[in-house]
Amino acid sequence: MLIKIRNLSLVYPLRSLDHYLLRAKIVHSFKNFFKKQKTDESLIKKKNHIVALDGINFNLESNDRVGLIGLNGSGKSTLLSTLAGIYTPSSGYIDIDYKSSIPIIQPYSVCENDDTVKNNIIVIALLLGFKKKQIMKQMNEILEFSELVNYQNLPVATLSQGMKFKMVFGVCFVLDGKKVYFIDEFFTTGDEKFQNRGFDYINQKKDCIIMVCSHSRRIIQNFCNKVLILDKGKQVFFGNIDEGLDLYNDIIKK
Amino acid sequence: MSRNHKEIIDTIKNYDLWVDIAISKLRVRFIRTALGPVWEIIGTLIFLIFITIIWSKLWNRAFFDYFGFLYTGYAIWKIMSTTITESTFLFSELYANALRNMRCNPLSFCMGNSLKNIFILLLNLPIVLLITIYNETLSLNGILLLSYYLIIFFITSVCLSFIIATLCVKFRDLQYSVVVIMQLMFFITPVIWDPQQISEKGRFFLIDMNIFYHYVEFFRSSLLYGKVSLLSFCVVTVTSFILIILTGYIYYRVKNKLIFWVT
């Protein structure tokens, strides 16, 4: 399996600002109407878009474990969402089989707190693109891996944040059929013991590509074999871990 | 087949997802209640019995005659109104997290939400059936018309949900205007009053030109009288076809932009 990304760019439209601008313009015109000395309307600057990703190029092969790092606002989550097919790129080319990929970006944000753990597992898995027949077949496996067998008929509201993490982890990784995993920073929620167990579990998966976005050097060093560094939406580095982390240190010091 | 058509057909075929969304929302709605979905019947029943006691006297109509008229009209109006009102925040609030974090077709949520509302409508059917049995108006013709209506109503709900949800996620002011319009339409549309009470001149604008009326009338007449006027039948059918075309067009235009309006 191979993923090819060529000249990927994403221009993010800031549509919602228009309404604030319209409101600001009305207020400004109203205030100006009563003023003798008029102020310049161009002070209310209009920004239509931001370039969230610019010229991203890389190839991924089977068994690649890529750490995605960068400062806050560098475009890590946006890149993951774009690769996962949530955002459509403004230009460039992504060669990926979406049916075999899975975006793991805050999956527990869709949890129904009043519904049971078991029902939530079904809904989350369906939303992630799994089939109901398969979910039901592997339900016990998910519950056992997540250590939630005794909680399966309790509302999700009774779970701690860490237990929710385990539930979501179980849904995403225990169910078979996916080959490409795009994992956002949510991994930091679980305790270290479960994180290590989780990464051991993921590492056993053969012929998979995993891209994980994290600020944790421990996760990047222990788990990844490649690193992709982003800075202000641009690709700064793609290659081996040690060289990448040295470069990232320089970026932090700047 | 174009990519857009394929996406829509794949979403329809993925019924596991949207049926589960509907069932899950319905389950959560009544999850901590002892009577569960029965509340849906009890609430409507108590409200409409009291209204009927007063208004049947006010308009000099037999209790069961007016109760049947009111119950059928109110049951379908409630679902129409809920579907439209919920659509205003379907993408901006209700399913915003799923759209932001999962690769889901927004139509799945429209289908799920519309189906949930049809399930709620079906909860009212036992009472409606009792009324028709009491009035001796239950017929095979009526059941066939009702089955056709439920399919058309589901299609209309899905399309309308998508259009309203898309417009409201881009133009947030619409969320509030739609709610006000629906409140107004409740009084304009003959849900609680009989169309016979209005003059010929007013009938054209308030009844014949009112699409909501035809949707209410189709449901009501098929159950109470076992027949539907040709005008209502045509309006409901043609409207659903127009909405399908409009939804397809809007889907094609906005599908890549929608996520930016949600976030």
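Residues are numbered from 1 along each chain as its sequence is written, and chains are lettered from A and ligands numbered from 1 in the order in which they are written. As the model is predicted, local features need pLDDT of at least 70, side-chain atom pairs count only at pLDDT 80 or more, and totals for chains, interfaces and linings use all residues, while side-chain values use heavy atoms, with hydrogens and water left out.

**Chain A and the interface**

Chain A has nine helices and nine strands; these are DSSP runs, numbered from the N terminus, with helices being H or I of at least four residues and strands E of at least two. Of its 254 residues, 48% count as buried, a term that means under 20% relative accessible area, with exposed over 50% and partly exposed in between (1.4 Å probe, protein chains only). Contact means heavy atoms within 4.5 Å. Residues 24 or more positions apart provide 74% of the contacts in chain A with a separation of 6 or more.

A:S101 belongs to strand β5 (residues 101-104) of chain A and is buried, at 0% relative accessibility.

**The largest pocket**

The largest pocket holds about 1,500 Å³ of space. Among its 42 lining residues, A:Y98, B:E7, B:R103, B:C104 and B:N105 are the closest to its centre. On a 1 Å grid over the protein atoms alone, a pocket is an open set of points where a 1.4 Å probe fits, with protein on both sides within 12 Å along at least five of seven lines, and lining residues have an atom within 4 Å of a point. Grid points are joined across faces, edges and corners, and the volume is the space filled by probe spheres set on the points.

Helix α1 of chain B gives the most to this lining, with six residues. The lining comprises 20 nonpolar, ten polar and twelve charged residues, where Ala, Val, Leu, Ile, Met, Phe, Trp, Tyr, Cys and Pro count as nonpolar, Asp, Glu, Lys and Arg as charged, and the others, Gly among them, as polar.

**Salt bridges**

The structure holds 14 salt bridges over all chains, each a side-chain nitrogen of Lys or Arg within 4 Å of a carboxyl oxygen of Asp or Glu. Four of them cross the interface of chain B and chain A.

| Pair | N to O distance |
|---|---|
| B:R32 and A:D114 | 2.8 Å |
| A:K226 and A:D64 | 2.9 Å |
| B:R29 and B:E40 | 3.0 Å |

B:R29 lies in helix α2 (residues 15-29) and B:E40 in helix α3 (residues 38-58) of chain B, so this pair ties together parts that are eleven residues apart in sequence. B:R29 is partly exposed at 41% relative accessible area, whereas B:E40 is buried at 6%.
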